[in-house]
Amino acid sequence: MAPHSIGRRAFTIGAAAASGLALTRPAWAKGSVTSAIYPGSWDEAYRGIVAPALKRAHDIDLEMQPLFAVDQIAKAKAARGAPTFDVFVLDPGPRVTGINDGLFETFDPTKLGNAGKLPAGLADDKGTTVAAQVVGIGYNPKKLPAPRAWTDLFKEPFVSRLGLTGFQTTFGTVSIIEIAKAFGGSETNVEPFFTEIKKVLPQIAGIGAPAGMPGLFQQGQFDVMYTNTQTVGTLRGRGVDIEFASPESGAIAFFTTMHLAKGAAEPANAYKYLDTVIGKDVQEALMKAPYFLVPVNRDVPLDPSLPMKSLDEMSKFVRHDWSKINPLRASWIERFNKEVAK
Amino acid sequence: MSRRHSPSDMSYTLVIGVLASLALVILVGPVLVVLLTSFTDNRSLKFPPTGLSLQWYAELFDATRSRQIHRAALNSLEVAAWSTGLATLFGTMAALALARSEARWARMLDTLFMSPMILPGLAFGLAALMYFTFLGFRPSLNLIMVGHAIVIVPLVLRTTSASLSQLDAALLESSASLGASWFYTLRRVTLPIIAPGIFAGAFLAFMASIDNVPVSLFLSGPRSDMLPIRLWGMMESTLDVRVAAVSGVFITTVICLMLLMERVVGLTKRIRD
Amino acid sequence: MTPAAARAGCSGGTRLPLRPAEWQLVLPLALAFVAFFAGPLLILAVVSAFDNEQITTVGFAMWTKFLGDPFYWKVIGDTVKLGFLTVGATLLVGYPLALVYIASGPWMQRVLIFVVILPLLTSVVVRTFAWIVILGREGVINHVVLWLGFAPAPLRLLQTELGLVIALTQIEMPLMLLPLLSVLGRIDPNLRDASAALGASKWRTLFQVTLPLSLPGLIAGCILVFASSTTAFISQSIIGGNRLVYLPLLIWQQSLVVYNWPLASVAALTLLLSVSAGIVALTLFGRRGMRHLHV
């Protein structure tokens, strides 16, 4: 393997020189920690804010692997016991899967100096919360009035401009549950959603893959969709005509958590990393443009653009129990495929 | 050249002309959209652009602001070069044996060697990760390279086999009967004839590796960030225009390479003549 | 053996004396397959033979669930159909372009080659955006259609099978044309001239001379396009939208959203088998054509 690697390296340097690109490999500091991170804006935010802060405070290099939550779980399951990263970043659905499959190391919140700054219960033996997500309706204010309720989405003028996504994502799942509730369903009964969607299916502007939604919205294919405040903030910051609306029944809140991977190579550095992430200054910087991550540290004064004045108000937001949702999700996805397929 | 303009020949010219023009429009249209968008002065991917600027290219070439993209691009180029090299070598050798063989085992192998292209990348990526973990390997650039080589080998095999089946058996026999060794015949007769096929396959393979998302996703470890995965994140969450600018760079690079090859090849031709 | 060796010997030089056997040429690739492909494939096969998501109970429940449900048969059928539609569309416009290519001068040929590889130079990520721009409700095509007054309201192209096939035609065209052009470029132009000189019409020359001689490249192109379009998950899901359900989408949902790996393996193997069947059909078709030609 060795001669081969040397050959490869030599080749790379040659290619780098030839293509004129900067060959940048991190210089090794005292230590490092490898964290999974959501691709795109989270990746940018952590690279811009958290990595320098961690370097300053503890002389630890932050390495990041851009992976969606579902991909992290799949990778950890496939490479059982030998994760390629030390820290997971997850939404509630994949978090429950990770707990059930024993993918996390037991977490000791007392090792985080900043744990006391989090609202009660946000750091436990599974991991720590690092951001909140607030889900509601995103719409184009130049083309539509503000929708007021989830049921509005299935009425004109919204329905013919509506872009739907299915149960693949956390925000999609909780939004559909809320729509179902608005039509008489519950957290575990999304039947009314299917009944209602059948009636309006021909009018709906489209059902998209979650990854394509920002592009479709930007080009005017859809003008209203369910989404979170962070996406709205990011897109608006990039000149997209989009506003966030909280439905009458309340915006939905859920937490993004970080967990120690079982078999993590650098657990001690991981605690320092997580403590840095939830520190006041870092959380405040992550909340500001262009990142728009909803903070979880009580000391952070909330930005006026957020749909709440304090973190405690979030307890009034709609919350969901993912240990009940997860077992139903497979059948919902199957049902969704069958109902909407042409 | 044509002696007459029969209605039939005119209909040929018309039909072929219209369809070929349609092909050109379909091929070029989306690329034009991407190129135009890459020169936008807008803050995100939007078509049509409100104004033109080079800001996104400047940002793409900025060593600090686009460091991660550069790193990922280097990884992707490295992996593509090695996996294409391996796939071309092994694929061409196999094609030499399989393309002209009527044996049942050869036909079966030929079909089998196509399967990595058909097995969805996601399923292969996940299963390969399980397999390599089982063998005790950690995800790394080397693993991605091996994974890519397997996935792109069908491209080389198909195009090379197609070229080989054109080879006139009589030509090979006459070369052999004139006393040429197998290797000599390969070098002087076979390879020159199938070179366009090998080259086409290698190019398809290289670009398929550069653009592969699922295999890279599962076989990547720390510090083995790959270009399309990074672009995917940028496009998905922030509609970053650099995603389009990358295509502009690729297109420019290929134009330069083609012009360069033209000069080199043209030069060697002149020397030889 | 001896005469062959003697012949090789007398021609001298630094040459390999013997002709390697066919199996020796295949060996490196075959070994690589055994080492790196057979393993993962075997894992898929084994995983598919479990009844539950935890992969603890052996059984064929996932196979019976999948193959016993007419919806999944429809998905299999739609996936194969998408492959054939894409092959048809790339052939319909790609082959005429190839004919123009062989009739062009060297300079024009280089330009055409460049145009043909253009789709490969735009990443799959940004290509999807380009197609949203072109096919979208407020997209390029609809602007033209509305401006010309062909339709009263914007056409629905994005997230339809038609739109997806158009987009895949562009994306897959290089896979059709590169093998085709490398074969067409090797056909002796004298054959076409002779055909014309003998009074054959251009159509007749096309169907009797050019098309049969280009068959190897044509079949290779068809196979590559078929394999690639049926598994093009990103294009299928973003340009096609989620109302068009194809096997790769099911595989993604089952493997990454609900972690039902047995069912995902079943879907992956089904895709492998059904697309392989399509490829075998294409190959047989091509071989028959070529045999016809040689007789």
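I took helices (H or I, at least four residues) and strands (E, at least two) as DSSP runs, numbered from the N terminus. The model is predicted, so I kept its limits in mind: local features need pLDDT of at least 70, side-chain atom pairs count only at pLDDT 80 or more, and totals for chains, interfaces and linings use all residues. Residues are numbered from 1 along each chain as its sequence is written, with chains lettered from A and ligands numbered from 1 in the order in which they are written.

Cis bonds. I found F47(B) to P48(B) cis, with omega near -5°. P48(B) sits in the loop between α1 and α2 (55-61) of chain B. E156(A) to P157(A) is also cis, with omega near 5°. P157(A) lies between β4 (128-139) and β5 (163-164) of chain A, in the loop. Most peptide bonds are trans.

Positive phi. F292(A) is not a glycine, yet its phi is about 60°. I located F292(A) in the loop between α10 (280-287) and α11 (322-340) of chain A. F292(A) is buried because it has 23 C-beta neighbours inside 10 Å; the cut-offs are 20 or more other C-beta atoms within 10 Å for buried, 12 or fewer for exposed, and partly exposed in between, with C-beta atoms placed from the backbone.

Chain C against chain A. I counted 25 residues of chain C in contact with 27 of chain A (C-beta atoms, placed from the backbone, within 7 Å). The elements of chain C giving two or more residues to that side are α6 (124-135), α12 (233-240) and α13 (247-257).

Methods. Contact = placed C-beta atoms within 7 Å.
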